[in-house]
Amino acid sequence: LTGRMPLLGGCPRLAPAGGRTASISGPALALTLAYELARQRGNPQFTLPALLAYKVAFALLLAELGHLNRALHFVVAAQQKLNSSKEKVPLLVELLLHSHKRLTTAGATDAVEKKASRGVTSWL
């Protein structure tokens, strides 16, 4: 897989003019996350690294819509995946740190972090 992985159910025709990636939609992201979860059931080490940027974008969307706890869950899980990966993307690391700080100061509970510290990250 490359960095240009499309989302399952995404429509490349909806991409911005001249863009090579499909627009991010909730159903397309949900289908892709469900695919990743299904693959992880058979192989716990399976991951889609190209999906991490979509997960961060979805976390930011959730935060804008007021779902702070769900957004924090996505951010914490994305931080764990990024920390365990071989390649670090400095901009993504900084974005995750900043998002985590803003979500916790905005009132998102840290119960998600406590679960994550015990290794429980659900399906993300």
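Predicted model: local features only at pLDDT ≥ 70, side-chain atom pairs only at ≥ 80, totals over all residues.
What is the volume of the second largest pocket? I looked this up first, and the answer is about 180 Å³. Residues are numbered from 1 along each chain as its sequence is written, and side-chain values use heavy atoms, with hydrogens and water left out.

**Entry: the pocket**

I noted what the word covers: on a 1 Å grid over the protein atoms alone, a pocket is an open set of points where a 1.4 Å probe fits, with protein on both sides within 12 Å along at least five of seven lines, and a lining residue has an atom within 4 Å of a point. The volume is the space filled by probe spheres set on the points, which are joined across faces, edges and corners.

I then listed the lining of the second largest pocket: Ala59, Leu60, Ala63, Leu68, Leu95, His98, Ser99, Arg102, Leu103 and Ala106. Two elements give two or more residues to this lining, α2 (52-64) and α4 (90-106). Helices here are DSSP runs (H or I, at least four residues), numbered from the N terminus. Helix α4 gives the most, with six residues.

By class, I found seven nonpolar, two polar and one charged residue in the lining. Ala, Val, Leu, Ile, Met, Phe, Trp, Tyr, Cys and Pro count as nonpolar, Asp, Glu, Lys and Arg as charged, and the others, Gly among them, as polar.

**Entry: α2 with α4**

How do α2 and α4 cross, and within what distance do their axes come? I read a crossing of roughly 25°, with the axes coming within 12 Å. Axes are lines fitted to C-alpha atoms, for helices over the stretch in contact, and angles run from 0 to 180 degrees between N-to-C directions. That makes α2 roughly parallel to α4 (angles under 35 degrees count as roughly parallel, over 145 as roughly antiparallel). On the α2 side, the contact (heavy atoms within 4.5 Å) is made by Leu52, Val56, Leu60 and Ala63. Its residues divide into eight nonpolar, one polar and no charged.

**Entry: α3 with its partners**

I turned next to helix α3 (residues 68-84), which packs with α4 at an angle of about 150°, their axes 10 Å apart. The two are therefore roughly antiparallel. Their contact includes Leu68 and Val75 of α3, and Leu92 and Ser99 of α4. I counted no charged residues there, against 13 nonpolar and four polar.

For α2 and α3, the axes come within 8 Å and cross at roughly 160°. These helices are therefore also roughly antiparallel to each other. Among the contact residues are Lys55 and Phe58 of α2, and Arg70 and Phe74 of α3. This contact has 12 nonpolar, no polar and three charged residues.

Technical notes:
Parallel < 35°, antiparallel > 145°, perpendicular 65-115°, else oblique.
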